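Hi everyone, thanks for coming. Please have the structure open on your screens, and we'll walk through it together.

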Amino acid sequence: MKEEAKLTVGGKTYKLPVITGSEGERAIDISKLRKETGLVTLDPGFVNTANCRSNITFVDGEKGILRYRGIPVEQLAEHSSFVETAYLLINGKLPTQKQLNRFSILLNDNSLVHEDMRAFFQNFPRAAHPMGILSSMVNALRAFYPEIPERSDEEEVDITMTRLLSKVRTMAAMSYKIFKGHSLVYPRADFSYPANFLNMMFDSPVKPYTIDEDLVKALNVFWILHADHEQNCSTASVRLVGSARVNLYAAISAGICALWGPLHGGANQAVVQMLNDIHEGGGKLTPFIARAKDKNDPFRLMGFGHRVYKTFDPRGLVMKKICDRVLKKLALEDPLLDIAQRLEEVAIKDEYFVDHDLYPNIDFYSGILLRAMGIPVPMFTVMFAIGRLPGWISQWKESMDNPKWKLERPRQIYIGEKKKDYVPIAER
Ligand code: SDX
């Protein structure tokens, strides 16, 4: 027997279907609500609203569970690579060796960026934020590469998505080299995806870069942890913009812009800036904890809290381990790590944080890991974007492949002026 919810309004009772997901999540299907009742729902921030059915990523915020296509993120971080995880998210299953080889060859064959795009980079103001450059460059890709024609074959879609995955990594390294005024380093066929990125970032004619397999492993894990996260702000933006049937590049560019925000992907950069401020203030935590709790102060403890996780973010737990490992391997002492660990210890015992279910999220330790790897702070959110790309692409594809897809256009409740006549300017 199908479960139903009953809604009684205006003296009438309506029955609304209740749907249940494969992990037991339940939702009231209100797709016919306005037609049957004349009512819409109001849900600022979509705290209680699902925008789609999806079979890509499952998050249980109460239990701290994250799975990509059913596989726990901890297992992927331990055993998989970012390229294999990207394949899993986009294609729905782990690749065979043959499929992985083909995917890797496609990534390599599409790793160069059109030489004419260098002029784009060179003409950005030096102070331009790398996320602004990245979103512009991804949009500009449409001018250099055709969009996926309607009802194109799988091969065409594959190449376009793989092209984007590969070129975004190259463009990110290019933006860093151009920002430094250094000569560009090109991708190499004999390097893996993460190794190529590190080499393109740090190799130089006067100081050849030596690939450190521990850093390659750490970067693989960093990107696996960021690869997808159901309907977060930037993914929901990719779906919303994509629903207007714009090309993939424009939809991804919208996702990059949403991720840029300090409450979302920009938090990894904001965490390090906050830890730096604490360090420069003599390492005192109390003033920052007090400000975070002060209702009249907009300051938030960066890297803490989450819309979905009401316990530890499973990704943050893995990130902290990788952080410790890399700092030990590089024999680095980072005062910000000590401050972060002290801040976590204090905050998770503090009544306010406990009452508000505020725990460290993925961004709390990720910036410290990136610092240890030599990634400059303005590039932190770009690193998040590269990791999230397969998630955005898989969610865009799922939305485009949905035969019942609809243009996404929310309603509103108007609370403005009632009807009134135009007043000529002479009478105002
Ligand atoms: C990401 O959605 C995703 O999946 C995102 C992400 C992904 O992978 O895509 O996981 C990546 O964006 C992680 C989050 C990174 N952002 C930060 O670390 C910024 C700091 N965190 C907060 O701004 C906040 O926790 C949010 C934005 C992340 C979530 O906030 P919500 O769900 O909108 O909750 P809220 O702002 O309504 O806060 C609820 C209460 C409020 O207090 P009350 O008014 O109810 O008394 O908790 C308080 C808030 O003031 N609160 C905090 C806090 N976060 C929430 N108070 C102090 N410090 C904080 N960090």
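Let's start with two helices, α8, which covers residues 193-202, and α9, which covers residues 213-226. Keep in mind that we're looking at a predicted model. Their axes come within 9 Å of each other and cross at roughly 110°. Angles from 65 to 115 degrees count as roughly perpendicular, so that is the word for how α8 sits relative to α9. As for handedness, α8 passes α9 in a right-handed crossing.

If you're new to this, two packed helices are described by the angle between their axes and the distance between the axes.

Now try a second pair: how do α14 and α17 pack? Helix α14 spans residues 314-329, helix α17 spans residues 363-372, and their axes are 9 Å apart at an angle of about 25°. Angles under 35 degrees count as roughly parallel, so α14 is roughly parallel to α17. Here the crossing is left-handed.

Let's move on to the ligand. Which residues come nearest to it? There are 23 residues around the ligand, and the nearest are His-229, His-306, Arg-307, Arg-315 and Arg-388. Sorted by class, this shell holds 9 nonpolar, 8 polar and 6 charged residues.

Zoom in on some atoms now. His-229 has a polar side-chain atom 2.6 Å from a ligand oxygen. For Arg-307, a polar side-chain atom lies 2.7 Å from an oxygen atom of the ligand. In His-264, a side-chain N or O atom is 2.9 Å from a ligand oxygen. And how much of the ligand does the protein cover? On its own the ligand has 1100 Å² of accessible area, and the protein covers 77% of that.

Definitions and conventions. Residues are numbered from 1 along each chain as its sequence is written. This is a predicted model: local features need pLDDT of at least 70, side-chain atom pairs count only at pLDDT 80 or more; totals for chains, interfaces and linings use all residues. Side-chain values use heavy atoms; hydrogens and water are left out. A residue is near a molecule or strand if one of its heavy atoms lies within 4 Å of it. A polar contact is a pair of N or O atoms within 3.5 Å; within protein, one must be able to donate a hydrogen and the other to accept it, and residues adjacent in sequence count only if both atoms are side-chain atoms. Accessible areas come from the Shrake-Rupley method with a 1.4 Å probe; for residues, only the protein chains shown count as cover. Ala, Val, Leu, Ile, Met, Phe, Trp, Tyr, Cys and Pro count as nonpolar, Asp, Glu, Lys and Arg as charged, and the others, Gly among them, as polar. Axes are lines fitted to C-alpha atoms, for helices over the stretch in contact, and angles run from 0 to 180 degrees between N-to-C directions. Helices (H or I, at least four residues) and strands (E, at least two) are DSSP runs, numbered from the N terminus. Angles under 35 degrees count as roughly parallel, over 145 as roughly antiparallel, 65 to 115 as roughly perpendicular and the rest as oblique. A crossing is left-handed if the near helix is turned anticlockwise from the far one by less than a right angle, and right-handed if clockwise.
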